[in-house]
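I opened the model to look up a handful of local features. My entries follow the order in which I checked them.

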Amino acid sequence: MRLIVWIGMIFVAGLASTKACHAESESTPEQVRFFETSIRPLLVDKCQKCHGAEKQWGMLRLDSRDAILRGGESGPAIIPGKSEESRLVQAIRHADDSLKMPPKEKLTESQIADVIRWIGMGAPFPAATENGKRAFRNPNHWAFQPVRSSPPPKTKDSRWSSVRWDQFVLKKLEVAEIPPTKSADPRKLIRRVTYDLTGLPPTPSEVAEFIDGARPDAFARLIDRLLASPAYGERWGRHWLDVARYADSNGLDENVAHGNAWRYRDYVVAAFNEDRPYTDFLTEQLAGDLLPADNDDQRCRLLTATGFLSLGPKVLAEVDETKMEMDIIDEQVDTVGRAVLGLTLGCARCHDHKFDPIETADYYGLAGIFKSTKTMEHFKKVARWHENFLPSNMARAQQAVHESQVVQQKAAIQALVERADAGVKSTLQAGEAVPEKLEDRYSDETKSQLKTLRDELAELEKTGPDLPTAMGVSEGTVVDVAIHIRGNPLKLGNVVPRRVPNVLTRQELAPVFEATRSGRLELARWLTDPENPLTSRVFVNRVWRWHFGKGLVRSVDNFGLQSENPSHPELLDSLARHFVDSGWSLKRLHRHLLESSTYRLDSQATSGRPDRDHENRLLGRFEIRRLEAEEVRDAMIAVGDGLDRRLGNSLLTVKNRAYFFDHTSKDLTDYSSQRRSIYLPVVRNNVYDVFQLLDFPDAAVPSGDRPTTTIAPQALLMMNSEFVMKCSAEFAATLLDKPSANDESRIQQAYLRAFGREPTIGEVNESLTFLKEIGRARSGTDGTNEVSREKSWQSLCHVIVSSNEFIYVK
Amino acid sequence: MGPFFEVSRRQLLKRSAVGFGSLALSSMLADEAAANSVDIDPLAPKSPHLPARAKRVIFLFMKGGPSHLDTFDPKPLLERDDGKPLPFAKPRVQFAPTGNLLKSPWKFQQYGQSGAWVSDLFPHLSGCVDDLCFVHSMHGTNPAHGGAVLKIHTGSDSFVRPSIGSWVSYGLGTDNGNLPAFVTICPTLAHGGINNWGSAFLPAAYQGTPIGNASVPSDQAHVRYIHNPTSSRAVQRLELERLKAMNREHQASSGPEPSLEARINSFELAFRMQTAMPQVEDLSDESLATQQLYGLDDPINANFGRMCLMARRFAERGVRFIQVTHSDSKVQWDQHSDLKNGHEKNAREVDKPIAGLLKDLKSRGLLDDTLVWWGGEFGRTPTVEGSNGRDHNPEGFTMWLAGGGVKPGFHFGSTDDYGFYAAENKVHIHDLHATILHLLGLDHERLTYRHAGRDFRLTDVEGNVVHQLLS
C-alpha cells in the first residue's frame, strides 16, 4: 500500500526507509532527517573548516560522532542529552568571552536552538555503517558491488516463460499469488511494439500482414523489421538525447543557437541504427577526438560525438571567468555522472556528497580531466564554445581555394607596391636620399587602389571559407585541480591528481592518468570496463524503463544511496550480464527483452481478481502509457499521410551562435516543418509548446524518465491549436480523397489508421450520426453540401486524434 | 490491496473533477522513486504550515534593474561628491567598467506620515508611501541580467530551478479551479525566459501560465489556445460529447485507469477555462473611474495599466501568484547610458498604474491579504558608466512590499553612504524569498520537493525570514 494521499501537507516519505546508526540506539527517520537538513550542513558550513579533516584547531574535530564525543584539548564537545552542560552550546552562544564559536559570526538563534535540540535527542550522527544496510555514504551500497549472475529460479508454472529471465518475474508473482494477466492480442501487440521501437503508429497494411501471417515466428520477424527501420534510430536516439540534455540552443542567460548541434543528433540516430556497441558509443562521446580514424568520414563522426560534452547550458555572460570555467566543468562532471553512472557527482563540488560515498576530492579528481580538456574558445563575455573543424575533401578544397586567394591578393599588393615604389624612385632628384616611406609619395590614385586591395585582403583573412564544424572538445592544457573549498574558486585546498572516485574502483583497475593527456580516454575505458558495476546496470535499466514505462530501479538517473532498490535485483544483474556478454549490443538487448512473455502481457489486470499490485511492481501486466510528445505529433501528422520521412540535417532558422531571443523577446523559432519531431529544434527556455505541454524534458539536465502529466492546457492544445486543427483537416482530406469509397468505409479507414483496429457497427453508426449533427450545427444543413461535409469530417478526425485511444498505447 | 484503497481511489478521482491542473497524475509514482506523495489533484487548496498573512502575491517586476539611487534611496554624499572617485573599493567582479561618482539627476522629497524619500520620478506613487514597506538593503549575487533575473525568480542563477510562483502554487494550491494558480502577464522571453515561470522538476501543474509576452501589447496578450479560430461553441460541445463517449467506451475496456479518467476531465475543465479566462482579460466591465485610476485613458500608461488591472482581476478571482512584467522590447530599465531620459520614460509608464493598483486593492479590501512586491533584478551603481549611465549593481538595492502582512510606511536596512553596498540589516534575495513564503504561511525550510536524490527548496540551503518586516 504505497499510495499516500496528499492532504494539505507536504509529506516526504523518501527518508523513511533510511536507517542509520548512532551509539547503541537507532535514530528515527525523523531524527536522521533533522540531522541531515539542520545539523550536518551547519557543522560543514560553520565548524569543519577549522575542526574537520583538514584542520583540527584545539585538537578538535566535529565531523563524526566519535570525534565530537572525544572532543579536543578542553574535553568532550558535547554530552548527549545534556545540551546545557555541553561545551559546544556554551561556545555557540558566545556567552563566555574566552570561548566564542564560530569566532567571527555568531550563529542565528534558530541555528543555536537546532543544536540544542539535536544534543537533546542524544546527538544522532548517521554515518556509513554495517554491510548491506542503507546508510549514508555506504561504500557497500548494492549498486557499487560487482554485477552478479544468478540462475533464474524454478517456477511452478514451467510453460509461461518465453525467455529464461521471465522466470525471475514469474517467481515473484507466484510468491505473491498474483497470476500474470493474459497475453495481449496481436492488434495491441503490434501497436505497442511499433510505437515502442519506432515512435510511429503501424499502418493498416502492417497490421493486416502481422495478423494474417500467423507464422510462429511472426513477432520475432516483426521486431527484426522494426529494428531495421531508420525510424528505430529516430525513436531510440531521441531517448539518448534526453539523457544527453540535447538542445539546439544554449538556454540560460544568453540563448544563442547551437547551430551545429544537429550533427551530434544525427550521429546519435546513426549510432542507434548501426547498433554501435554501447562501449564504443560512450567512448566516442567522451574521447572521440583521441581515437584513431581511417578516413575523413570516420574522423568527422568521432569529432562530432564529443559534442556530448559541450551541449550543456552555460552562463555565457558570467562576469567571473574563473567561475564560468568551473561551472562548465561542473556541468560536464555532473552530466557524465548522471548519464553513465547514475550518480549525482555534482553534489560533491562544495562538500563531500551528503548521501553517497563520493568525496570532494573524488569530484576534483574528475574535474581535472575536464579542466585539461578544451571546451571553450574563450571565457570573455559573451563566451564562445569550441568547435572542431570537420575534415573532408570538399572542405580542404575550399580551404585551398581560400588560401590561394589570399596568396594572389598578397601578390597583387606586392606588385602594386613595387610598381609604385619604382615610380617614386624614378622621380627622385640625383643625390636625393631614398625616403623611408615611399608610400607617402604615391599618387592619390595609387594610394586608393592600395587601400582597396588591403581592405579586401583583411576581409578575406577575417572571414575565410564557411567550413563545416561541430561542437565538441579537444585536448587542453593538462592540469590537476585543487579542491575548491565550498566550491569557491578563490579558496583553494590541496591539489588532487586526476583520478576516478575511490569507491567505484578497485586499486588494480584504477586507470592511470598521464601528464601528457587529459585522461578522457582513460576515463572512457574505465567506464566501459565490463567490471564497472554501474555502467551496464544503469544503461540496461534505462532501456527497461523506455520499454516498460518504469525502471526496475525507478530512479533511473540515480543509483546512489537515495535511489530506490531494484524491484528485481537478480533480473537487473542478469540483464546487465547478458548485455555485456553480447557485446554491449542494444539491438540484441531489445530482442532479449521484447521476446519475453513479460513484455507481451495485456495491460488489463486479470479480471475477477482484486488487483493487489496497483503499482505493478511485480510486472503482472503491461502498463498502458501515454504517447510521448514526439509520438503524439508524429502520429497526428502520419495519419493524414503528411509526415516527411527524410532523415537528418538542420531545421534551424538562425545562424550558429545567433540569438533565438535577444533582448527583444521576439521569437525566431519555427516549427512548421512536417519532418519527424526529432528534427525540430530544441530551444531551451522556449521549447516548442506542443512538446512542452506534453512533458518534453527540461533539456538542461540529463533525464531518463519523462513524467506523464495530465493538465488542462493539454486539452486546450488538443481543442484549439492550429497544429491539431491542421492535422485533423489533413486526416479528413486523406479519407475524402477516395471518391469510390462510401462513408462507412471511410470511417473504417479512419479507425484502422488511428487505432489499428476496425470500428464496431455501433461505432460506425455513432460516427455517421455525429457527422450529421456537426453538419447541422455548422450550417443548418445535414452536412451534404461540400464545404460543410469537409468540415464535418474534420470534426470527426479532430475527435479521433484527441481521443484516449489515440493518445494511449495498451 | 484492501477495500480502503478502492474507496479512497474513487474519492480521489471524484475530487479530480475540480481544479484546474487537476489532472496531473504525475505518472502515478513513477517519478523520483515515489518519494513524493501522489497528487491526484495537485492544485487542490492546501493548508499552509503557519498562519498566513497573505493569500496571494502580485509581483511587479521591473526588468533591467531600476536605480535605487534615483528612486527611493537618496544619498547626500553622492550629491556632494559628484565626479569624485568612489572612496572605497568596487566589487571584484563587475559587469562593465565604471568611473567616478554620479549624482542623481532628480530631486528627492519626503512624503506621507512616514516621511519616505521619493524622487520626482514617481509623482503618483509618492502618494502611497504610507502603504509601502521598503527594503533598502537588498543584495544578490549575479551582476548579469540572465543570472540575476533567474536568481530573483528561482533562487538560483546557475541551475534550472522552479520559479517562486511554482513553489507557491505547489505549497498552497489554488481556490479557483477554473483558472491557473500562477499567471505571468507579458513576461520577457530573454534572460532565462520560460525558466522564470517554469516548474522545473515540480510537476507541470505548477508552472506559470504566460499571458502574452514582453513583445506583445497587453491588449493582445492571451493564453495560448484559449480560442478556437474556426469552430463555434456548439460544434465544440458536440465534439466534446462525442469525445467523451469514445473515451468512456475505451475506458470500459481498459479497467480502472486513473490517468484515462483524468484526461477525460481535463477536457471539461479546458472548456470551462475558455469562458473564465477571457472574462478576466476583458476589462470593459470596469468603470470609467477605475480605468482612469490605472491610466487606461493615457497612451503612456495604458499598456502597463491594463496589465495591473488584469492583475487585480486575477487576484480577486483567487489566483495565487500573479506576475506583471514591465519590459518593452528591450531591457527596459537598463540604463547603461542616458539614465535621465531612460528612467524618466520608464517611471512615467508605471507610476500611475502602480499607484492605481495599490489604491484599487486597498479600496476593495484586497490589500490586506494580497502581498504586492516591486523591484528589478538588481540596482545600479553610484559610479558612472560612460558619461551619463549607471552599471548593474547586485551589491545593494531597494525593493518594496505592500499589503499582505508587512509593516506599512516602514523602512528597513540601508546601503553605505554612496549606495554601492548593502550595509545595515542586509537582506539577501534568499531572505526575501523566505519572507514572502512566510507571509503566505509557508516555512521555506519545510517547503521541499524530492528530486535527483535530495530535497530541494526555493531557498536552497540559505534564507532567513526577516521578521522585522512583518506587521
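**Positive phi in chain A**

I started with A:Asp275, which is found in the loop between H10 and helix H11 (278–287) of chain A. Helices here are DSSP runs (H or I, at least four residues), strands are runs of E (at least two), and both are numbered from the N terminus. A:Asp275 is not a glycine, yet its phi is positive, about 55°. It counts as partly exposed because it has 19 C-beta neighbours inside 10 Å. My cut-offs: buried means 20 or more other C-beta atoms within 10 Å of the residue's own, exposed means 12 or fewer, partly exposed lies in between, and C-beta atoms are placed from the backbone.

Before going on, I noted the ground rules. This is a predicted model, in which local features need pLDDT of at least 70, side-chain atom pairs count only at pLDDT 80 or more, and totals for chains, interfaces and linings use all residues. Residues are numbered from 1 along each chain as its sequence is written, while chains are lettered from A and ligands numbered from 1 in the order in which they are written.

Next came A:Arg245, in the loop between helix H9 (230–243) and H10 of chain A. Its phi is near 40°, again a positive value in a residue other than glycine. Buried or exposed, I asked of A:Arg245? A:Arg245 counts as buried, because 24 C-beta neighbours lie inside 10 Å.

**Cis peptide bonds**

I recalled the background: most residues other than glycine have a negative phi, and most peptide bonds are trans. I then looked up the cis bonds. One joins A:Met101 and A:Pro102, with omega about -15°. A:Pro102 sits in the loop between helix H3 (87–93) and helix H4 (109–120) of chain A. Another cis bond joins A:Lys381 and A:Val382, with omega about -5°. A:Val382 is in the loop between strand S2 (376–378) and strand S3 (384–385) of chain A.

**Helix pairs**

Axes are lines fitted to C-alpha atoms, for helices over the stretch in contact, and angles run from 0 to 180 degrees between N-to-C directions. The angle classes are under 35 degrees for roughly parallel, over 145 for roughly antiparallel, 65 to 115 for roughly perpendicular, and oblique for the rest. From H10(A), A:Arg263, A:Tyr264 and A:Tyr267 meet A:Arg301, A:Thr304 and A:Ala305 of H12(A). This contact has three nonpolar, one polar and two charged residues. Nonpolar covers Ala, Val, Leu, Ile, Met, Phe, Trp, Tyr, Cys and Pro; charged covers Asp, Glu, Lys and Arg; the others, Gly among them, are polar.

In chain B I checked H5 (residues 233–252) against H6 (residues 258–281). Their axes come within 10 Å and cross at roughly 170°, so H5(B) and H6(B) are roughly antiparallel. H5(B) brings B:Leu240, B:Leu243, B:Lys244, B:Asn247 and B:Gln251 to the contact, and H6(B) brings B:Leu260, B:Glu261, B:Ile264, B:Phe267 and B:Phe271. The tally is six nonpolar, two polar and two charged.

**A loop proline**

A:Pro489 is found in the loop between strand S7 (481–484) and strand S8 (492–496) of chain A. It is partly exposed, because 16 other C-beta atoms lie within 10 Å. A:Pro489 and A:Lys323 are 166 residues apart in sequence but 6.5 Å apart in space, C-alpha to C-alpha. Which residues is A:Pro489 in contact with, leaving aside neighbours within four places in sequence? I found A:Thr322, A:Lys323, A:Met326 and A:His484. Contact means C-beta atoms, placed from the backbone, within 7 Å.

**Buried parts**

In helix H24 (residues 712–720) of chain A, nine of nine residues are buried. Among them are A:Leu716, A:Leu717 and A:Met718.

The largest nonpolar core has 300 residues, and those with the most contacts inside it include A:Val801, B:Val57 and B:Ile322. Such a core is a set of buried Ala, Val, Leu, Ile, Met, Phe, Trp, Tyr and Cys residues joined through C-beta atoms within 7 Å. A second, separate core of 19 residues includes A:Ile39, A:Ala77, A:Leu88 and A:Met101.

How values were computed. Two residues are in contact if their C-beta atoms, placed from the backbone, lie within 7 Å.
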